[in-house]
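Dear colleague,

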Amino acid sequence: MNTRKMAALLTAAMLCIVLLLGCSAEPAATSSAQPEGTVTVTPAPTPTPKEGLEAVFGKAEISIALVSNGDEAASSLFFEAATREAESMGLTVTANAAGSDFEAAVRKAAESADMLVAFMPGEGDASALSGLGIPAAVFTAGGGSVPREISHISYDPAKELDMAFNAALTYPPHDAPVRLILMFESEDSAAHATYQALYDQGMVFPKEKYIAAGSESSAGDWLTGKLEDYVEGMLDAVFAENPALAAAAGDALAALSRADMEVFCPGVTPDIVSRMQNNSDVFAQAIGRNDALAGMLCVRAALRMLKGGEAVTQAFEPVVMDAVNIGADAVASLEAMDPESAALFNESWMDEL
């Protein structure tokens with residue numbers, strides 16, 4: 001093959017290669033072009049699922065106001081239990097132990113809170129809770145009427161005194177007649193009348209008796225002086241008419257390092273619960289109301305109403321509390337003492353909060 005033919009073949013081959021490259025590039029250029037008037041659609045982001053309060057109530061923040069007609073000490077167990085329950089469900093909590101300013105505190109709290117829980121350990125008029133315009137629940141420690149639109153948890157103390165005396169008489173290893181030191185406010189009190197009836201029945205052996213009215217000595221000083229005459233084994237217990245006298249007796253026994261007798265009284269206060277935790281040999285049992293359980297249930301009752309539920313009512317009677325069942329966390333221990341009642345008003349949707 002001569003040189004001219006070789007050159008012609010190479011030129012033809014190169015032309016073929018150029019044509020092939022041009023044909024392969026053209027579709028790519030055509031495919032990248034957008035027809036006039038085409039709209040580009042961007043996929044919408046997947047919405048974040050709602051959780052907690054927002055999922056159940058459609059709002060991310062709900063506030064609850066706690067108001068008491070007692071002081072901070074008297075309200076502490078109720079407030080702590082109610083606060084724990086509310087915060088566990090994501091609620092914002094305010095608390096006010098308003099005492100005699102209860103009615104004004106209720107009206108003020110209702111101006112900004114989404115719901116309200118009231119505690120009335122003292123005497124008072126629950127009508128202040130009427131017409132608030134927000135869901136409300138109240139725990140009353142005594143009698144009195146409550147507006148129908150309010151959830152009402154009540155405590156009936158009628159059996160408290162008899163149950164306290166019975167605890168003192170039956171606590172092991174006490175045997176009738178039980179050797180008691182008795183402490184009363186006056187001889188006209190209901191507690192003194194109950195003691196007299198038990199004495200007439202041969203159930204009580206009164207070793208000493210203190211009457212606060214007209215006494216020149218404080219309860220603690222009086223008991224300290226009397227205990228000088230009694231060595232260990234000569235007494236079974238001290239029965240006090242109320243928690244204040246019981247506390248005075250407990251302090252006198254502690255100062256003398258005496259743990260050979262128990263102290264019984266009607267009524268369960270935060271102070272009595274604390275003494276049961278710290279000195280269970282002396283404050284072995286208490287008889288009265290469970291403020292912690294009531295605080296937890298009131299929060300649930302108010303929250304149910306916020307969700308559209310009706311007002312509820314629940315009545316409680318005195319219970320016997322054993323010191324051995326009260327651990328370092330008193331509120332949790334008190335709530336767990338009555339599992340059936342602790343399950344009240346606990347709606348399934350509350351687990352989502």
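**Backbone, salt bridges and pockets**

Phe 345 sits in the segment after α12, in a model that, please bear in mind, is predicted. The phi angle of Phe 345 is near 60°, a positive value in a residue other than glycine, and Phe 345 is buried, with a relative accessible area of 14%. Most residues other than glycine have a negative phi, and most peptide bonds are trans. The place of Ser 257 is in the loop between α8 (243-255) and β9 (262-264), and at 66% relative accessibility Ser 257 counts as exposed.

Two cis peptide bonds deserve a look when you prepare the model. One joins Pro 172 and Pro 173, with omega about 10°, and Pro 173 is found in the loop between α5 (160-170) and β6 (178-184). Another runs from Ala 176 to Pro 177, with omega near -5°, and Pro 177 is likewise found in the loop between α5 and β6.

Turning to charged pairs, a search of the whole structure finds 13 salt bridges. In one of them the side chains of Glu 80 and Arg 84 meet, at 2.7 Å from N to O; both residues lie in helix α3 (residues 72-88), four residues apart, which is about one turn of the helix. Glu 80 is partly exposed, with a relative accessible area of 37%, and Arg 84 is partly exposed as well, at 33%.

A second pair is formed by Asp 271 and Arg 275, whose closest N and O atoms are 3.0 Å apart. Asp 271 and Arg 275 are separated by about one helical turn, because they are four residues apart in helix α9 (residues 270-278). Here Asp 271 is partly exposed, with a relative accessible area of 36%, whereas Arg 275, at 17%, counts as buried.

Arg 304 counts as buried at 18% relative accessibility, while Glu 347 is partly exposed, with a relative accessible area of 27%. Salt bridges that share partners also join Glu 80, Arg 84 and Asp 329 into one network.

Helix α3 also holds Ser 75, which counts as buried at 0% relative accessibility. A polar contact of 2.7 Å joins the side chains of Ser 75 and Ser 68. Leaving aside its neighbours within four places in sequence, Ser 75 is in contact with Ser 68, Gly 70, Ala 97 and Phe 119.

As for open space, the largest pocket holds about 420 Å³. Its lining is made up of 28 residues, of which Met 120, Pro 121, Gly 122, Ala 141 and Arg 289 lie nearest its centre. The elements that give two or more residues to the lining of this largest pocket are α3 and α9. By class, the residues of the lining of the largest pocket divide into 12 nonpolar, nine polar and seven charged.

The second largest pocket has a volume of about 160 Å³. It is lined by 14 residues, and the closest of these to its centre are Asn 290, Leu 293, Phe 316, Val 319 and Asp 338. Both α10 and β12 (319-322) supply at least two residues of the lining of the second largest pocket, and β12 gives the most, with three residues. The lining of the second largest pocket divides into nine nonpolar, two polar and three charged residues.

A last item concerns Ala 336, whose place is in helix α11 (residues 330-336). Ala 336 is exposed, with a relative accessible area of 53%. The C-alpha atoms of Ala 336 and Ile 326, which are 10 residues apart along the chain, are separated by 9.6 Å.

With kind regards

How values were computed. Residues are numbered from 1 along each chain as its sequence is written. This is a predicted model: local features need pLDDT of at least 70, side-chain atom pairs count only at pLDDT 80 or more; totals for chains, interfaces and linings use all residues. Side-chain values use heavy atoms; hydrogens and water are left out. A salt bridge is a side-chain nitrogen of Lys or Arg within 4 Å of a carboxyl oxygen of Asp or Glu. Buried means under 20% relative accessible area, exposed over 50%, partly exposed in between (1.4 Å probe, protein chains only). A polar contact is a pair of N or O atoms within 3.5 Å; within protein, one must be able to donate a hydrogen and the other to accept it, and residues adjacent in sequence count only if both atoms are side-chain atoms. Contact means heavy atoms within 4.5 Å. On a 1 Å grid over the protein atoms alone, a cavity is a set of points where a 1.4 Å probe fits but cannot get out, and a pocket is an open set with protein on both sides within 12 Å along at least five of seven lines; lining residues have an atom within 4 Å of a point. Grid points are joined across faces, edges and corners, and a volume is the space filled by probe spheres set on the points. Ala, Val, Leu, Ile, Met, Phe, Trp, Tyr, Cys and Pro count as nonpolar, Asp, Glu, Lys and Arg as charged, and the others, Gly among them, as polar.
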